Amino acid sequence: MADDVVRIGIVGAGRYSRNRVLPELRKVPGVEFVSVANSSTESSEALARDFGVGRVAAGWQDVVSATDVDVVFNGTQAPVHRDVLMAALEANKHVLTMNPVAATSQEAKELVDAADARPNLKVRDFHAFPA
């Protein structure tokens, strides 16, 4: 991570992420939103405009592989969680994900094993609670 700045790439941001998670992350000193890939180009552009995100990515793979992203925030739908999280870990990124982390116990075990193999990375599952 660059100095005291934590550069976050956003992959997926539905209503809960937009209304609860991202506003709170934005309040943290040193947090910078650098890239976003949402469900459509239009929603990515709107999120970038609303939260001051540096660029709109063509897809989640571009967010995960970006060299200026330190942390991947995964706010996608559950069926995509495993792929995004595994790619982020393989790209040596810290991850913050919405629950559930995986669709099956086998996928969860794969993710735990991948995280355990990278003790230098932080992995956090954010449990969403009703507003």
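Biologist: Does Arg49 count as buried or exposed?

Modeller: This is a predicted model, in which local features need pLDDT of at least 70 and side-chain atom pairs count only at pLDDT 80 or more, while totals for chains, interfaces and linings use all residues. Residues are numbered from 1 along each chain as its sequence is written, and side-chain values use heavy atoms, with hydrogens and water left out. Buried means under 20% relative accessible area, exposed means over 50%, and partly exposed covers the range in between (1.4 Å probe, protein chains only). Because its relative accessibility is 61%, Arg49 counts as exposed.

Biologist: With which residue does Asp50 form a salt bridge?

Modeller: A salt bridge here is a side-chain nitrogen of Lys or Arg within 4 Å of a carboxyl oxygen of Asp or Glu, and a search of the whole structure finds eight. Asp50 counts as partly exposed because its relative accessibility is 35%. The closest N and O atoms of its salt bridge are 3.7 Å apart, and the partner is Arg49.

Biologist: Which parts does the salt bridge of Arg82 and Glu110 tie together?

Modeller: The two side chains meet at 2.9 Å, N to O, and Arg82 is partly exposed at 22% relative accessibility, as is Glu110 at 28%. Helices (H or I, at least four residues) and strands (E, at least two) are DSSP runs, numbered from the N terminus.

Biologist: How far apart are the closest N and O atoms of Asp113 and Lys109?

Modeller: Asp113 and Lys109 are four residues apart in helix H5, which means that about one helical turn separates them. Asp113 is partly exposed at 38% relative accessibility, and Lys109 is partly exposed at 47%. They form a salt bridge, and the distance between the closest N and O atoms is 2.8 Å.

Biologist: How are the rings of Phe33 and Phe51 paired?

Modeller: Rings of Phe, Tyr and Trp (its six-membered ring) pair if their centres lie within 6.5 Å, and planes under 30 degrees apart count as stacked, over 60 as edge-to-face and the rest as tilted; by this rule there is one aromatic pair. Phe33 lies in strand S2 and Phe51 in helix H2, so the pair ties together parts 18 residues apart in sequence, and both residues are buried. The ring centres are 6.4 Å apart and the planes stand at 80°, so the pair is edge-to-face.

Biologist: Which residues is Leu22 in contact with, leaving aside its neighbours within four places in sequence?

Modeller: Leu22 lies in helix H1 and counts as buried because its relative accessibility is 0%. With contact meaning heavy atoms within 4.5 Å, the partners of Leu22 beyond those neighbours are Ile10, Ala13, Ser17, Phe33, Leu47, Phe51 and Phe73.
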